[in-house]
Amino acid sequence: MQRDDLPWWKKATGYQVYPRSFCDSDGDGIGDIPGIISKLDYLAELGIGFIWLSPVYRSPMRDNGYDIADYRDIAPEFGTLDDFDRLVTEARTRDIGIVMDLVVNHTSNEHDWFKKACASREAPEHAFYIWRDPGPDGGPPNDRTAIFGGPAWHWVEAVGQYYFAYFSAHQPDLDWQNPDLRAEIYDMMNWWLDRGIAGFRMDVVSLLGKDVDTDRLEEGPYLHEYLQEMHRQTLAGRDVVSVGESWAVTPRTAPLYCGRDRGELDMVFQFNHVGQGWDETFGKWKPKPFDLVRFKRVLFDWQRALTDDGWNSLFLSNHDLPRQVSVYGDDGRWRVRSAKMLAIVMHLMKGTPFVYQGEEIGMTNVVFERLDQFRDLEIEGRYAEMMAQGLAMEDFLAGANLSGRDNARVPMQWTGGPQAGFTTGTPWIEVNPNHAEINVAADRADPDGVSATYRTLAGLRRRMPVIVQGHFAPVTEDDPRVFAYTRELDGERLAVIANFSAEAIVFQTPDELVGEGECLVANAGQRTAIEARLELAPYEAFALRYR
Ligand code: GLC
């Protein structure tokens, strides 16, 4: 492929905005679209190429917008369709695309389709959802449980059937096997694409081909047939990006979604590198101590799997995950340096990097002391289950503080002032008290702030083809403290080296890395050479371009 033929989204850095928590323009305590518009200059200065906007559609917000009641309207608390169009235009003038979140595995139970579906079996919308008669004992068809707790099947008296809802009762699953439903979705996608958006992030995409009767939900039998159809009917021929979220995809199945000739998606968000840190029984609620070798193994496998075909997404954070500096770095003494290290290591691998709001200033996890401070429905569901199993309240809170989704959802910290400059009102969820110290204003005023490194990385990516396209080669895969790799394109070669520990260490550099060059980015002083005996400061990271 010619370098200048590269699609824009390979050269761009993505930035996720969680609208509810980003910036509130009208003092109701909830972030909104005019608030996002007011921060576009900030984002442009950061050098990002597109925004992945978490859902802004009309919604009862049981799952903060991942429960859509109207696919063709904006939630009033976020603004209007006019505001949205203005966002697209204003972003475009700054060379930033808007990528919409497409949540089509399920709707809200308040969507008109679902209301009609529940009123009568004769309504065409009834067949938009997944209904089954009671099992032989009169109960649900099977004992599948929902992701957010409780059973996945729910009885509706008026139609005498159960509907299937894999996340929560408020999020009934759409029946993708129904061609009329699929046509409605494609139509809606084209309606947004015609408004000038830059693409879609597709929520839980690997669930779309499910077969509930054989209980094959993830990567089910119809998945790729539907994704190919969706591509043909919506994305094909448009210069947009598509990213599918999947908790099930593996390096082995990824090429099926994003392989060059598949005609499906451009890339996937995979979570193997996140899940490697979870407990076998208790999952994310009881994370294992961080193990760099395990972590590298997963990321390197993904780099290898998509070397020649397909494309990686690079991220450690999003609105469902705890703050990356708290999980993989050190959110105390080495917060700034380790936050930069994570950025350097992630952004210089092969793929498109995604930054989650606040990550660029090294925002940390929040500590809530009481249950009523949490807002996430997952915490609610989890709490009910855990109490039933006799877990102590303090143990529950510890798990929620470590791994809960509200960590990423507390307001963006703009200033050290009241409510972190997020709102003039009362925020829908409490701000992290550490905003007094950690905030955009303070970080930007500091030439050594975390965001300076993010700006550098985004700039490097724009102008250096080796970062976008260069061959990736892992180094020191078994070293428990050092994360290192090289990138190479047309004789140009980079090395990236990071000390993932809070100790100063001496790295016995493999011969292939020893050399001199120019420092592209660093978090603990510039380097112009990589010596055979390399002394690395705590959490030090840098990239060097060899001469
Ligand atoms: C995805 C979203 C998450 C949401 C779920 C159900 O995993 O990222 O926030 O709760 O899907 O839509």
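These legends describe close-up views of one predicted model.

**View 1. The largest nonpolar core.** This core holds 153 residues. Seven of them touch the most other members: Tyr-15, Leu-53, Phe-84, Trp-176, Trp-192, Phe-200 and Phe-483. In soluble globular proteins, nonpolar side chains tend to be buried together.

**View 2. Leu-53 and its contacts.** Leu-53 is among the core residues that touch the most other members. Leaving aside residues up to four places away in sequence, Leu-53 touches Val-17, Pro-19, Ile-36, Phe-84, Leu-87, Ile-98, Val-99, Met-100 and Asp-101. A second core, of 16 residues, is separate. Its members include Val-482, Cys-519, Ala-522 and Leu-534.

**View 3. The largest pocket.** The volume of this pocket is about 890 Å³. Its lining is made up of 36 residues. Closest to the pocket centre are Ile-147, Phe-148, Phe-167, Trp-247 and Glu-378. Two elements give two or more residues to the lining: helix 9 (272–275) and helix 13 (377–388). Helix 13 gives the most, with four residues. Sorted by class, the lining has 14 nonpolar, 10 polar and 12 charged residues.

**View 4. Arg-382 in helix 13.** Helix 13 is the element that gives the most to the lining of the largest pocket. Arg-382 has its place in this helix. Is Arg-382 buried or exposed? Arg-382 counts as buried, because its relative accessibility is 15% and the cut-off for buried is under 20%.

View 5. Strand 6 and strand 8 (residues 161–164) run antiparallel and are joined by two bridges. Trp-131 stands opposite Tyr-163, a residue of strand 8.

View 6. Which residue of strand 10 is the bridge partner of Gly-199? The partner is Val-241.

**View 7. The largest cavity.** The model has three cavities of 30 Å³ or more. The volume of the largest is about 60 Å³. Its lining consists of Gln-270, His-273, Leu-299, Trp-302, Gln-303, Asn-312, Ser-313, Leu-314, Phe-315 and Met-346. Helix 10 (292–305) and strand 12 each supply at least two residues of this lining. Helix 10 provides the largest share, three residues. By class, the lining has five nonpolar and five polar residues, with no charged residues.

Terms used
Residues numbered from 1 in each chain as written. Predicted model: local features only at pLDDT ≥ 70, side-chain atom pairs only at ≥ 80, totals over all residues. Heavy atoms only, no water. Core = buried A, V, L, I, M, F, W, Y, C linked by side-chain atoms within 4.5 Å. Buried < 20%, exposed > 50% of the residue type's maximum accessible area, 1.4 Å probe, protein only. Contact = heavy atoms within 4.5 Å. 1 Å grid on protein atoms, 1.4 Å probe; cavity = no way out; pocket = protein on both sides within 12 Å on 5 of 7 lines; lining within 4 Å. Points joined across faces, edges and corners; volume = space filled by probe spheres on them. Nonpolar A, V, L, I, M, F, W, Y, C, P; charged D, E, K, R; others polar. Pairing = 2+ DSSP bridges.
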